Amino acid sequence: MAQQLRAIRTRGAILNAAAEVFAQHGYHGASIAQILDKAQVTRGALYFHFASKEQLVQGIFAEQVTEQGYPPRTYKLQELVDEAMALACRLPQEIMLRAGAKLAMEPQLQELTDGGPWEAWALRFASMVLAAKEHGEVYPHVVPEELGRFLVSSWVGAQIVSEVTSGWQDLEERISSIFAYTLPSVAMPAIFAQLDFGPDRGTRVLAEMQAEAAAALVAEPAS
């Protein structure tokens, strides 16, 4: 068990180090030597977990779309908004997300994971739109797959502009605007009136999750 935990920690340290190096230098500018220096592991340890730079990229992409345990909501559309807004809040703070965003801009890397994290997010959003459609929250003409791709394209565009113009300081506001102009043509009027997509929605969702996690720790019986 102890050996397994060490292996997990080593793999995590390597991925985090690779994310920092890729985020700073890009794929072609990054070297294995830089990653080793940042991770403080041996070359053998790195190659035990990742046989190449390409596998490191795949590992970072795999970390992009993870279920964070977002709180369930009355409306499935609100759950979609919450994930997108929370992602906007998380990206400036989490090196793994920033590295994935930078690597996803390199066309030659797309084939490593069938389209990179963008396609994975499009599929996730599409599944959430489908659930919303089954609950009668969206208009019948809405095609989940098309809306999923559209939302990801809009999100990525906003992320790129926000990075260049403000270092992501206004990313949450930009994503909020996307929903403000998109949801009226998607959501049934009675549902739209109850959706919360304010610029600070992601911040509030993450704070709620942190409070719930802290409460769970307090309530957990001592071993």
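This section describes the overall fold of a predicted model and then three of its elements, namely helix α5, its contact with helix α11, and helix α8.

The secondary structure of the chain consists of 11 helices and zero strands. Along the sequence, the elements accordingly read α-α-α-α-α-α-α-α-α-α-α. Taken along the principal axes, the C-alpha atoms occupy a box of roughly 60 × 50 × 30 Å. The chain has 223 residues, of which 44% count as buried. When contacts between residues at least 6 apart in sequence are considered, 69% of them join residues at least 24 apart.

Helix α5 covers residues 76-90. Its 15 residues should span 21 Å at 1.5 Å a residue, and the end C-alpha atoms of α5 are 21 Å apart, in agreement with that expectation. Of these 15 residues, 14 are buried, so α5 is largely enclosed by the rest of the structure.

Because angles of 65 to 115 degrees count as roughly perpendicular, α5 is roughly perpendicular to α11. On the α5 side, the contact is made by Gln-78, Asp-82, Met-85, Ala-86, Cys-89 and Arg-90. On the α11 side, the residues are Arg-201, Gly-202, Thr-203, Val-205 and Leu-206. By residue class, the contact of α5 with α11 contains five nonpolar, three polar and three charged residues.

Helix α8 runs over residues 144-166 and has 23 residues. The distance from its first C-alpha to its last is 32 Å, close to the 33 Å expected at 1.5 Å a residue. The buried residues of α8 include Pro-144, Leu-147, Gly-148, Leu-151 and Val-152. Also among them are Ser-154, Trp-155, Val-156, Ala-158, Gln-159 and Ser-162. Gly-167 follows α8 and has a positive phi, near 60 degrees.

Ser-162, a residue of helix α8, has a relative accessible area of 0% and is therefore buried, the cut-off being under 20%. The side chain of Ser-162 forms a polar contact of 2.6 Å with the side chain of Asp-170. With residues up to four places away in sequence left out, Ser-162 touches Gly-167, Trp-168, Gln-169, Asp-170, Leu-171 and Arg-174.

Definitions and conventions. Residues numbered from 1 in each chain as written. Predicted model: local features only at pLDDT ≥ 70, side-chain atom pairs only at ≥ 80, totals over all residues. Heavy atoms only, no water. Axes fitted to C-alpha atoms, helices over the stretch in contact; angles between N-to-C directions. Helix = DSSP H or I, 4+ residues; strand = E, 2+ residues; numbered from the N terminus. Parallel < 35°, antiparallel > 145°, perpendicular 65-115°, else oblique. Contact = heavy atoms within 4.5 Å. Nonpolar A, V, L, I, M, F, W, Y, C, P; charged D, E, K, R; others polar. Expected span 1.5 Å × (residues − 1). Buried < 20%, exposed > 50% of the residue type's maximum accessible area, 1.4 Å probe, protein only. Polar contact = N/O pair within 3.5 Å; in protein donor to acceptor, adjacent residues only side chain to side chain.
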